[in-house]
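Let's take a friendly walk through a protein model together. Have the sequence and the 3D view ready, and look back at them as you read.

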Amino acid sequence: MTSPRDPHYAAAAPRLIPPSRAVPQRLGDVRVPVPLVELFTIAAGFERAGKLEEADRLFAHILAVAPNQADSLHLSGVVAFRLGRQDEAVAKVEKAIQHGIDIALYLRNLCEIYRTLNRLDDAVATGRRAAQLAPNDPLCLHNLAVLYYERLEIDESIACADAALRIDPDLASAHLSRAEGLLIQGNLAEGWEEYEWAFRIPSVPKMMPPTNRPQWRGRPFDDATLLLVADQGFGDVIQFSRYIPWVLERCPNVVLGCSSEMVPILRQFLPSSRIFYDWQNCPPFQAFCRLSGLPRLHGTHLDSIPAPIPYLHADPARAAAMAQRLNALIPGTRKRIGIVWAGRPTHNNDNRRSARLSDFAPLADLPDIALISLQKGPSAAQAGLYFGRAPLINVGAEIADYDDTMALLHCLDLVVTVDTSVAHLAAALGKPVWVLLARSPDWRWLMNRDDTPWYPTMRLFRQTVSRQWSAVMQNVADALKRDAFG
Amino acid sequence: MNAPAAMLCRCGSGLRPARCCAINPAELPSDETGRHLAPLVERAIAAQRQGASETAERLCLDVLEMAPNRVGALGVLQQIREAQGNQLAAETLLRRIVFFDPNNFSATNELALKLLAKGALHEAVIHARNAVRIAPGNPQSHNLMGLILTEAQRPTVGEYHYRKVLELTDTRDPILLANLAWNLKNQGRMEEARALYEESVAALPAVRQTLLGWARLEEADRKFDAANDILDRMETLWPASGPAILLARAVLLGRMKRYDEALIMLDRLAEQSSDGRLGPNELTEKGRLLDQMGLYDDAFAAFAEGKRLARELSGQHYLDKVAENLTTRLGNFFTAGRLQTLPRATVREDVPQPIFVLGFPRSGTTLMEQTLSSHPRIVAGDELPLIHDITGLMPRMLESPLNYPEALAELWMGDQREGLDNLRDYYLQKVAQMRILTPGAAWFTDKMPLNETHLGLIALLFPQSPLIHVIRHPLDIMVSAMSNHFTHGFSCASALETTARHYVRVMDLVKQYRSEMALRYLAVRYEDMVTDQEATIRSVLDFVGEPFDPKCLHFQENQRYARTASYAQVTERLYDRSRFRYRHYLKHLEPVIPILQAHIDWLGYTVD
């Protein structure tokens, strides 16, 4: 899911304390002919505009002259963080705090940097100090809410979100944090309501052009046309597409807007003529609804999740061709295990949910299996670096679309995947699928259970230590030896 | 009129460059124009016959200054330079004779032999084929083909031509029989070869090459006593021995694990040489003996000196730019997007299919082949040069103006959609001609090292063939490459650093192929074959699609003779000594560790 919950780590308006007052400077060191205050303003402007390389260069000049200048250290640290130089970012912001005056902002940002670096204890201590220093700053509290979610301390996360909302009841990102906390605890009804706030977060891209048409409220809509929008990520679309038959019972005239990649999935519910993927081709409609909003309208609780598995099907001709191809590539008696080790790298949770192919080493050592890569995207290149005992057949290289993926999944004995769309697809096809989850997973996987009411053929393997896959993979390998093939 | 020495061609012909290697064909006189020079040429020939070489040389130089295409003068000058030991000039002049007079059988024959002697086999084959074209009824042309194709790893074709000589001459010439025996030994047909050596020696008992070849046969066939007897007989015939006999004795003693005695043989060999030193092959053998004795620093010094001397004597060095050009172009061509638009050859159900045993030279491919070919449904094809041949033939076969791999773009043309089927059939037809297939065989192996360079092409031609890639600790490969001579991989093994560079290039290419294609590919660690033999073999056979056969565990009982440099190892039971042997040589390998470190990590090895 495209999470719009990013904490606020960028700087607020720059408030440079003139160096002569803030930090003792030796004039003889000054080698920049432009006053530092002006340079700082320009550099901060570059940072806000996303011109990070330019900002980085200017801050380097400033810090060469005024190495302890707190605002520059802080913002330079933020720039380093955004450029991926994490250790440098920490060092600079920590130094800024040593030399700073108004430090709540620095602490708030340092909290987020620590969180990103998985230094969760440091993040909590820093985030709490920030909240103490700025008790009326809802963003400090929101950062803490996000942090506690990551620590899987959900009650604390919800409490921080509540506190933030007491200060600013319209802070959409805090509502989303609250929603995710409620949902992962299984409080779906309240969670769905809060979740609606996600779409008011200013930084979240608009899912459709502006319209004066109302949102559908779930009531029968016999004569008019309802527009469904397949929002969020591919996995969400696959997960929530199960609600389309429920919609059709109430609204026979549905048109559906989606990205082109999703057409092979969604045309299993609607004729292609009623699916479009270019807003220019959007037909007239009287109301609209997001696909991810359907569970709320449906009133889904944990015990009423519609799971008519399988609700997706591979094309028989493609499946037969794929079976033939696989038989040629893996003729022996090996069990065929599809694997996906990484999700879309632009997903804001990707560094937590994605693994590396080398993490699958315990599986690769098992006898009598063949690994079938379904990996797409830049991480697929890791297939070239695999030298495990079990063969790895990179069928992912020949997958063009989700029709191919469904055909391939149809031919497999098991799928082992990180939390990506393939997990949803395999499960929607009714295939056995084992999902490898980050310690703080997406809300939909709930807590403390190895199954899910969303997909009966799915088994969950959870990290016990954040961002460490070795134990998870060993558990998977042990389970394969023990359970999988009898 | 002879030019001053400083102005003469660098090849040493004695001619000016403009009349020799920098010749301008447009300025050549016609035959008619040069007719008046014929008497001078005749005088030169007569002088040469009478032993007046200086006169003959002067006359030839004069003629060739006026008409550099006078073949008669070129021939006499070539003989003079040959007699003077000026090999480069002699070869250059022979090439020119063949160029101006393509039907000159004698020069073609001589040039082919000269190229064979210096190891330029690819070119030698071209001229040997021309010799047969010029004189199909001449036994010598077929003898030439037999000699050259045997050395060029196409022994079955060589055998055909040797037998053609027997047919044309209707006699059983002892030398020819010995040559045929060597050919059959290279095919692993030991009994037939032995019978021919016996017949040859019975007719002509004192021919060094014949006896040496026979001794090598017995040694390869693990009949050490028989080999010893033959070498004893040679020492009786030639009490002073000779370098070849001493080296053969050293190799035999080494295989019998009598290392000290083997080293004494090599010392004697050095004493006999003009400069008191060993040649490249002898130094390599010495290094191997020292390695067996645990004297690793001395061993590496011998290997390094052997490499240095080989470079100096042969002039062979890594063709860096050529290798870079090819690997770059292959990487650019074989991308997932392009591969999705290219057809694949269909699979022939009527003939045995190849199993490609891939790997860098010295990584254990011979062991893998010996193991697989112990299975009743798998025969050994050895190092088949056919994929390489196809890369050369491709432009012509696909009617493309481009070279490989770009020529594969022709497959997008309507009239070349079956182009890959034709290339596949070329490969399979050549295999059939090689007579390696036996009744009941479902598979044959092709273990040409570095075929992984062409993994993309192989997968297009044989999309269902198993690709068994034998991997080994890269530093062990480096040690093994130092202790052997091979020319695969653009002569990369002429030095340690270039071996490492080529290894990296090829492995990067393999990575790319595997990222971009769905390959029937299985990596097998050499080390696993040593430490976990049965599980590894079971896994490989399952991947091939054949049931396990216990015979594969006893590959050393496979009577097939593995012709490549690994034969001495694969005829022994698996042993642990070859695993992580690099540790003895770590300080010598330091220069290449930075080159290889990333690949060592990828493969899951460490340096310790």
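How far apart do the C-alpha centres of domain 2 of chain A and domain 3 of chain A lie? They lie 27 Å apart. Keep in mind that this is a predicted model, so the values here are computed from predicted coordinates.

To place those two domains, start with chain A as a whole. The domain assignment of chain A gives domain 1 at 19-168, domain 2 at 226-304 and domain 3 at 316-484. Domain 2 and domain 3 of chain A touch each other: nine residues of domain 2 are in contact with 11 residues of domain 3. On the domain 2 side, helix H12 (234-240) and helix H14 (263-266) of chain A each supply at least two residues. The largest share of that side, four residues, comes from H12(A). Sorted by class, the domain 2 side that touches domain 3 has five nonpolar, three polar and one charged residues.

Next, look for a sheet in chain A. Four strands form an open sheet in the order S3-S2-S1-S4, and their pairing is parallel. Strand S3 (275-276) and strand S4 (287-290) of chain A are the edge strands, each pairing on one side only. What holds the strands of a sheet to one another? In general, strands pair through backbone hydrogen bonds, either parallel or antiparallel. For a close look at one pair, find strand S1 (residues 226-229) of chain A, which is joined to S4(A) by four bridges and runs parallel to it.

Now turn to some details of the backbone. Most residues other than glycine have a negative phi, and most peptide bonds are trans. You will find Pro310(A) in the loop between helix H15 (294-298) and helix H16 (316-329) of chain A. Pro405(B) sits in the loop between helix H20 (386-397) and helix H21 (419-433) of chain B.

Two aspartates have a positive phi. In Asp368(A), phi is near 65°, and the residue lies in the loop between helix H18 (361-364) and strand S6 (369-373) of chain A. In Asp382(B), phi is near 70°, and this residue belongs to the loop between strand S2 (378-379) and H20 of chain B. Is Asp382(B) buried or exposed? Asp382(B) counts as buried because 27 other C-beta atoms lie within 10 Å. Asp368(A), on the other hand, counts as partly exposed because it has 14 C-beta neighbours inside 10 Å.

Finally, bring the two chains together. Where they meet, 23 residues of chain B are in contact with 20 residues of chain A. Helix H25 (496-516), strand S5 (521-525) and helix H27 (533-544) of chain B each supply at least two residues of the side that touches chain A. Which element of chain B gives the largest share of this side? H25(B) does, with five residues. By class, the side of chain B that touches chain A has 12 nonpolar, six polar and five charged residues.

Definitions and conventions: Residues numbered from 1 in each chain as written. Chains lettered and ligands numbered in written order. Predicted model: local features only at pLDDT ≥ 70, side-chain atom pairs only at ≥ 80, totals over all residues. Pairing = 2+ DSSP bridges. Buried ≥ 20, exposed ≤ 12 C-beta atoms within 10 Å, placed from the backbone. Contact = placed C-beta atoms within 7 Å. Nonpolar A, V, L, I, M, F, W, Y, C, P; charged D, E, K, R; others polar. Domains from an automatic or database assignment.
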